[in-house]
Amino acid sequence: MKYSLIIPVYNRPDEVNELLESLTHQTVNDFEVIVVEDGSSIPCDKVCLEYHSKLDLHYYNKQNGGPGQARNYGAERANGDYLLILDSDVVLPEGYLQAISEELSNDPCDAFGGPDRASSSFTNIQKAISYSMTSFFTTGGIRGGSKKKLDKFYPRSFNMGIKREVYLELQGFSKMRFGEDIDFSIRIIKSGHKTRLFPGAWVYHKRRTDFKKFWRQVYNSGIARINLFKKYPDSLKLVHMLPMVFTVGVMFLLLSAAILSSWLPLLPLLLYAILIFIDSSKQNKSLIIGLQSILSAFIQLMGYGCGFLQAWWKRCICGQDEFSAFDKTFYK
């Protein structure tokens with residue numbers, strides 16, 4: 001068997017149904033599906049049962065331990081030559097596995113990943129969040145689908161592939177609750193294995209469903225970046241600090257406006273908001289999504305920046321151990 005698709009799930013039966021349905025339309029059929037229920041209070045066992053006759057599907061239910069440990073649990077039970085790690089909130093186009101097979105045939109590698117995009121079926125808020133996470137005008141980078149060749153590509157767990165033997169060699173994901181996928185990618189690269197971006201192996205990625213959940217996600221991502229820095233000092237790059245700089249800049253401009261009793265210090269923020277509005281409205285063909293993208297962009301940058309600053313103070317100044325802000329409420 002060539003591929004084992006490993007899907008950790010926490011309280012998302014409806015989204016699992018959409019993902020499994022998309023798997024029934026793949027043009028490549030040499031794969032198994034391993035769904036790992038990570039201690040959900042709303043299980044997806046009945047959903048999985050509906051697909052047993054359509055897919056080579058294996059369903060497991062374990063005590064909650066976080067997505068990384070759920071992936072490891074699935075990997076231990078996988079039979080494929082390649083393990084494909086997917087988030088439960090993605091939907092695959094029918095050519096997803098075909099694109100991976102062609103990439104591996106043309107230029108084999110040990111680990112890989114693909115970009116994401118929004119589907120026309122997404123809500124306006126999901127489209128706005130997708131825009132802010134993929135836009136050139138935020139910190140979208142590779143997630144926006146760049147085809148630029150990179151010396152070091154760090155696959156993310158919403159759409160990651162890896163040779164089974166490499167996964168087992170590195171003992172999979174660590175016990176980090178957030179940032180565990182970047183931690184794993186760093187270890188893959190440090191161990192000398194080859195990674196690549198597969199531009200054609202993209203997925204529809206729903207991410208969070210409202211702005212409150214999105215704030216929690218990016219806040220924890222900011223904290224995770226400092227946690228990763230403490231483990232791998234050379235992993236912190238200038239681009240990782242841009243949201244923090246943006247956050248400090250926004251606070252400075254707001255304070256200046258208050259002290260001067262003038263709106264002029266806010267002009268850079270207004271110009272940035274207009275830029276986001278125009279670009280997102282054009283991309284999404286919707287003025288409403290354009291407006292929502294302004295809020296989404298500020299949440300993405302400032303949520304990450306605030307988490308980064310909190311973690312920097314607690315870990316680098318006060319010497320506190322690894323932590324995250326929303327362990328129990330992140331997915332609710």
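The model is predicted, so local features are reported only at pLDDT of at least 70 and side-chain atom pairs only at pLDDT 80 or more, whereas totals for chains, interfaces and linings use all residues. Residues are numbered from 1 along each chain as its sequence is written, and side-chain values use heavy atoms, with hydrogens and water left out.

**Sheets**
- An open sheet of 7 strands has the order S3-S2-S1-S4-S8-S6-S9, with mixed pairing; strands are DSSP runs of E with at least two residues, helices are runs of H or I with at least four, and both are numbered from the N terminus.
- Strand S3 (57–62) and strand S9 (195–197) are its edge strands, each pairing on one side only, where pairing requires that DSSP finds at least two bridges between two strands.
- S1 and S2 run parallel and are joined by 7 bridges, and Ile7 has Val35 in S2 as its bridge partner.
- An open sheet of 3 strands, also with mixed pairing, has the order S5-S10-S7.
- S7 runs parallel to strand S10 (residues 203–205) and is joined to it by 2 bridges, with Asp116 standing opposite Val203 in S10.

**Helices against strands**
- In helix H4 (residues 96–106), the buried residues are Tyr96, Leu97, Ala99, Ile100, Ser101 and Leu104; buried means under 20% relative accessible area, exposed over 50%, and partly exposed in between, with a 1.4 Å probe and protein chains only.
- These buried residues of H4 pack against strands that include S1 (3–9), S2 (31–38) and S10, contact being defined as heavy atoms within 4.5 Å.
- Helix H7 (residues 180–190) lies across S6, S8 and S9 and runs at about 35 degrees to S8; axes are lines fitted to C-alpha atoms, for helices over the stretch in contact, and angles run from 0 to 180 degrees between N-to-C directions.

**Aromatic contacts**
- The structure holds 14 aromatic pairs, counted when ring centres of Phe, Tyr and Trp (its six-membered ring) lie within 6.5 Å, with planes under 30 degrees apart stacked, over 60 edge-to-face and the rest tilted.
- Trp215 and Tyr219 form a tilted pair, 5.8 Å centre to centre with 40 degrees between the planes, and both lie in helix H8 (residues 211–231), 4 residues apart.
- Trp215 is partly exposed at 30% relative accessible area, whereas Tyr219, at 14%, counts as buried.
- Tyr3, Tyr82, Phe112 and Phe198 form one aromatic cluster.
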